[in-house]
Amino acid sequence: MNNSEFYDKFVDRHVGPHQEEISIMLNAIGISSLDELINKTVPTSIRLKNELKLDPPQSEFDFLNNLKILAGKNKIFKNYIGLGYNATITPGVIKRNILENPGWYTQYTPYQAEISQGRLEALLNFQTMIIDLTGMPITNASLLDEATAAAEAMTMLFSLRKTNKKSANVFWVSKDVLPQTIDVLKTRSEPFGIKLKIGDHTNLELTDDIYGILVQYPATDGEVYDYSDLFKQAEAKGIYKAVAADLLSLAILTPPAEFGADVVIGSTQRFGVPIGFGGPHAAYFATKDEFKRQIPGRIIGVSIDSHGRRALRMALQTREQHIKREHATSNICTAQVLLAIMAGMYAVYHGPKGIKAIADRVHNLTAILDQALQKIGINQTNKNYFDTLKVDLSSTEEALTVRSEAVKNKVNFRYIDKKSIGISISEPTTISDIKQIVKVFAVALNKKYDDKIIVDEHKNVMPKSLQRQSNYLTHPVFNSYYSETEMMRYIKSLEKKDLSLTTSMIPLGSCTMKLNASSEMFGISWPEFTELHPFAPLDQAEGYMQLFKELENDLAKITGFDSVSLQPNSGAQGEYTGLMVIRAFHISKGQANRNIILIPSSAHGTNPASAVMAGNKVVVVKCDERGNIDMQDLKAKADQYKENLSALMVTYPSTHGVFEEAIIEACDIIHKNGGLVYMDGANLNAQVGLTSPGFIGADVCHLNLHKTFAIPHGGGGPGVGPIAVAKHLTPFIPGHSLVKIGHDKSINAVSAAPWGSASVLVISYAYIKMMGAEGLTFATKSAILNANYIKAKLEKHYQVLYTGSNGFCAHELIFDCRPFKISAGVEVEDIAKRLMDYGFHAPTVSFPVPGTIMVEPTESESLRELDKFCNALISIRNEIDEIEKGTIGREDNPLKNSPHTVENVISDNWNHPYTREAAVFPTTETKQNKFWPTVGRINNAYGDRNLVCSCVPITEYIEETV
């Protein structure tokens, strides 16, 4: 494949090394050609017999023109559907400086907190916003969507059942909860043995078998109920109370904490995040302080660094699935960080006065509409409401006539049943829109109409008990940035604290931090994609439907499977979905007893957590000294559990960075014992075009579109985790209660929206269309080349833990740092933090093997960047050598004191046995382009002992250290 073939083609922009560099790299490896390297790395038995067949690759220019045509097939109506999705106005300063800024969207999850202080502060703002508006004392840093958050509340409260409630297994849900939430609750409850009961809260009998209840506030149809008496009764009976609350409404309604809620969940979508045909959006989950060690997802907390200065970090990480594994009650592995940051910044931008003004305006326009409809004789039934009215008509014919007239005016309402219509008002709604809505009803129903009946004022009839009295958003961060200039500079000040792909490569093993090209990203800001409601008629979304169909077909071909579901909106969600599909398959065969999941000991922590969530029991399979599955142990356990074997969960290539040669045999063993094979798609970037899960023998896999298919990580979300399945599993892929998708045997929904995080699917669609089959295959080969080049450069300095039978690695590799602890007192964390001084994010630390680093360069990094990274690690190895020789002490050295901040090196108090230059400018590259960590090494234990997860005056958490 010569360079001229790719001149000015997208693949040439995406893949880092050009042809001359490839030759240099192959020479360093000791291989004559790229194909020879692949032949010696990827087992012949799993290589595809035929080349991947996809549409020819498009240039960036041609693709964007074609995408614009596709987008034009979507029809933009004014949406008054509601149902948890509302039109919003994204402030331009947030759209331009965060959503469309690679300095924000190419960041990784903030595990390396010292170089993540900007987004950690932005997430702390988000948490403070949620705490203030809900009135609850603690919250996490976002979840996937409102329905998932409700499911997490259900399972968390189930695990927290009080002593007198241990036998209770009923989670009672109000019929007024969003229907898509109920759909997901049905999916998630059954494997846990939770019985879901749905009913009317106004005549609820709180029986002893109920452990928790969930209500909607305001209710789905718009009525605002006072739940205080119900919650008092539930409290007296030891029953937990959960509230799904509209966040904007809480600016004027009594916060749930004040009427006794134990958990408050919801979506922050209407805080400046476009609807996007259903996602992605950041959900929130707030609860009582006593539940802080059970709350799902990530919590940002305040701590101190090695110099006693304020620093932020992810707190209480021992709660997370990668530590608790099969004992976890949640498999949440990611959040919706980029969207949470946008929502938090929306509150920073508007402040408490602005948020209240928006909420008041929405409520006022709703009341004006109510009065106008009543004046023309329309029956509106909600007594107390925030933004949603319910209109009852006299006949089905009247409802159909209104619908027809609405379509003529490019207006969408919610058609609740044959005679009832819902109308939800939102931030962009104007008085002209109100007039249009009234006119639609008047024309359709032959009512007399005059614009003069629209009076731009109303009398607030909301009862005092429902009106908010408490303050919110009082912290200075929400009261300081009134001008766009100030807001822009604040956003930029945070961005500059964080290392992203705009700074340097992020070599995280198992994370695939590849290029997120500009041409892939453009579509996510186009109104044709951002403004569609997920429950709008599908004839308004023909562009989306075509995009989904083509993407599903391409992903099916790439994976070697029959069909694809795009609904799961994270990798962990994809794992869970795949296992639930397997579960449904076994049940359909009358084999509900099949609930044993075999999982290799090297598996990612989400695997066992997902298995348990899907109603299974986990049996761990050993790995041998080369990092491969111990085939004898696999055979023994498959035979031992053959009567109840459900599936094998396997990552391929393995998490150890090796193409296991016995993978086909492993699949055969499972199939012969009645089980199916679930393949974790975390490492699919080493498969595309060379092999496929279907060809290898798997039955289902999930794909991380935020890894292999170029959706950015966004600092920890959004992620998208579709599943691809073999033909025998196709009937069971997820359906949805509000949109007809899936099949007769489909499992219930796993996400709130039918196509999950629909708007960012444009990115993966773009990546595949511009790369084409040959480009995708070349990318896979290049990823393997880059990893093996790093191996060749560093194996003399660091021990490579695992390789294939020919001595090569897959697309990632593990370096063993454990010997340095003995020889120099250097921990793997010291190496990770020291890399920050060199301008690099650390590789994956201590996973899957403690005391190691796992490196994945991806195909997007050039030879120059790879050499910079290798030179940094070689320099660090030389620093370790100085410690080993005794030239410098074990306790006071550049590694132990890393990362070094500018404040430290300009201080008059420098008492270290190495120079300032050695501390912060260890290479020529760092002198030319220096990235500065803004805090020293963070004290994790202090942050957990003194948990603070909202913005408070700095004196409250620094005085203790003085």
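**Cavities and rings in a predicted model**

Me: What lines the largest cavity, and which residues lie nearest its centre?
Reply: There are 22 residues in its lining, and L83, G84, N86, D246 and R270 lie nearest the centre. Keep in mind that this is a predicted model.

Me: What makes it a cavity and not a pocket?
Reply: A cavity is a space where a 1.4 Å probe fits but cannot get out, whereas a pocket is open. This one has a volume of about 270 Å³. By the same rule, the count comes to 9 cavities of 30 Å³ or more.

Me: How do the residues of that lining divide into nonpolar, polar and charged?
Reply: You get 8 nonpolar, 10 polar and 4 charged. Gly counts as polar here.

Me: Why is the Y240 and F291 pair called edge-to-face?
Reply: Ring centres have to lie within 6.5 Å to pair, and planes over 60 degrees apart count as edge-to-face. A search of the whole structure turns up 31 aromatic pairs.

Me: What makes that pair a tie between parts of the chain?
Reply: Y240 lies in strand β6 (residues 240–245), while F291 is in the loop between β8 (283–287) and β9 (299–304), so the pair ties together parts that are 51 residues apart in sequence.

Me: Are Y240 and F291 buried or exposed?
Reply: Buried means under 20% relative accessible area. Y240 has 6% and F291 has 5%, so each is buried.

Me: Which residues form one aromatic cluster?
Reply: That would be F277, W526, F529, Y544, F548 and W755.

Me: How do you know that R161 lies over the face of F158?
Reply: For a charge to sit over a ring, CZ of Arg must be within 6 Å of the ring centre and within 35 degrees of the ring normal. R161 is at 3.7 Å from the ring centre of F158, and it lies over the face. K930 does likewise: its charged end sits over the ring of W932, 5.0 Å from the centre.

Me: What does the radius of gyration say about the chain?
Reply: A compact globule with 962 residues would have a radius of gyration near 30 Å, and the chain has 28 Å, so the two agree. Its C-alpha atoms fill a box of roughly 90 × 70 × 65 Å along the principal axes, and 64% of the 962 residues count as buried.

Me: How many helices and strands are there in the chain?
Reply: It has 32 helices and 25 strands.

Key:
Residues numbered from 1 in each chain as written. Predicted model: local features only at pLDDT ≥ 70, side-chain atom pairs only at ≥ 80, totals over all residues. Heavy atoms only, no water. 1 Å grid on protein atoms, 1.4 Å probe; cavity = no way out; pocket = protein on both sides within 12 Å on 5 of 7 lines; lining within 4 Å. Points joined across faces, edges and corners; volume = space filled by probe spheres on them. Phe/Tyr/Trp six-rings, centres within 6.5 Å; stacked < 30°, edge-to-face > 60°. Helix = DSSP H or I, 4+ residues; strand = E, 2+ residues; numbered from the N terminus. Buried < 20%, exposed > 50% of the residue type's maximum accessible area, 1.4 Å probe, protein only. Rg over C-alpha atoms; globule rule 2.2 N^0.38 Å.
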